[in-house]
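Here is a friendly briefing to read alongside the model. Have the sequence and the 3D view open as you go.

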Amino acid sequence: MFVLDLSYTAPLDRVDAVMEDHVAWLDVQYAAGVFIASGRKNPREGGVILAVGGDRAAIERLVASDPFVVHGVCAYRITEFIATKTSDALAPYRQQV
């Protein structure tokens, strides 16, 4: 599992100009089963996405395709972790060490 930590690198008006494309990109990743949660940070300085996948390189390629990255309005920090304990709703994503 991965925590994708987005930090805006441009003013919010530039971020908002790309928001519709970013949300469409998110929708595709949810439909593909890669993303399981996402949302804005408070204060609004970026966002957080929880993603699943066994291949960090694939997640890095995916992040590079985000319209926010393509248009240079955000940077990602990717943290991989092993989800050994989850809520029952996330049981399909539990991992073993």
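**Salt bridges and their surroundings**

Asp16 is partly exposed, with 40% relative accessible area (partly exposed lies between buried, under 20%, and exposed, over 50%, with a 1.4 Å probe and protein chains only). This is a predicted model, in which local features need pLDDT of at least 70 and side-chain atom pairs count only at pLDDT 80 or more, while totals for chains, interfaces and linings use all residues. Residues are numbered from 1 along each chain as its sequence is written, and side-chain values use heavy atoms, with hydrogens and water left out.

**Charged pairs**

- The structure holds four salt bridges (a side-chain nitrogen of Lys or Arg within 4 Å of a carboxyl oxygen of Asp or Glu).
- Asp16 pairs with Arg44 in one of these salt bridges, with the closest N and O atoms 2.5 Å apart.
- This pair links distant parts of the chain, as Asp16 sits in helix H1 and Arg44 in the loop between E2 and E3, 28 residues apart (helices are DSSP runs of H or I with at least four residues, strands are runs of E with at least two, and both are numbered from the N terminus).
- Arg44 has 26% relative accessibility and so counts as partly exposed.
- Lys41 and Asp5 form another salt bridge, where the closest N and O atoms are 2.6 Å apart.
- Because Lys41 lies in the loop between E2 and E3 and Asp5 in strand E1, this pair ties together parts that are 36 residues apart in sequence.
- Asp5 is partly exposed at 21% relative accessibility.
- Arg56 and Glu60 also meet through their side chains in a salt bridge, at 3.0 Å from N to O.
- These two residues, Arg56 and Glu60, are four residues apart in helix H2, so about one helical turn separates them.
- Arg56 is partly exposed at 31% relative accessibility, and Glu60 is partly exposed with a relative accessible area of 39%.

**The sheet and its helices**

- Four strands make an open sheet, ordered E2-E3-E1-E4, with antiparallel pairing (two strands pair if DSSP finds at least two bridges between them).
- At the edges are strand E2 (35-40) and strand E4 (74-80), each of which pairs on one side only.
- From one strand to the next, the twist averages 15° (axes are lines fitted to C-alpha atoms, for helices over the stretch in contact, and angles run from 0 to 180 degrees between N-to-C directions).
- E2 and strand E3 (residues 46-51) run antiparallel and are joined by five bridges; Gly39 has Val48 in E3 as its bridge partner.
- Helix H1 (residues 12-31) lies across strand E1 (2-8), E2, E3 and E4, and runs at about 165° to E2.
- Helix H2 (residues 56-64) packs on the sheet and touches E1, E2, E3 and E4, its direction making about 165° with that of E4 (contact means heavy atoms within 4.5 Å).

**Aromatic rings**

- There are three aromatic pairs in the structure (rings of Phe, Tyr and Trp, the last by its six-membered ring, pair if their centres lie within 6.5 Å; planes under 30 degrees apart count as stacked, over 60 as edge-to-face and the rest as tilted).
- Tyr8 and Phe68 form an edge-to-face pair, 5.9 Å centre to centre with 85° between the planes.
- That pair links distant parts of the chain, with Tyr8 in strand E1 and Phe68 in helix H3 (residues 67-70), 60 residues apart; both Tyr8 and Phe68 are buried.
- The pair of Tyr30 and Phe35 is edge-to-face because the ring centres are 6.1 Å apart and the planes are at 85°.
- Tyr30 is partly exposed at 32% relative accessibility, whereas Phe35 is buried at 3%.
- Trp25, Tyr30 and Phe35 form one aromatic cluster.
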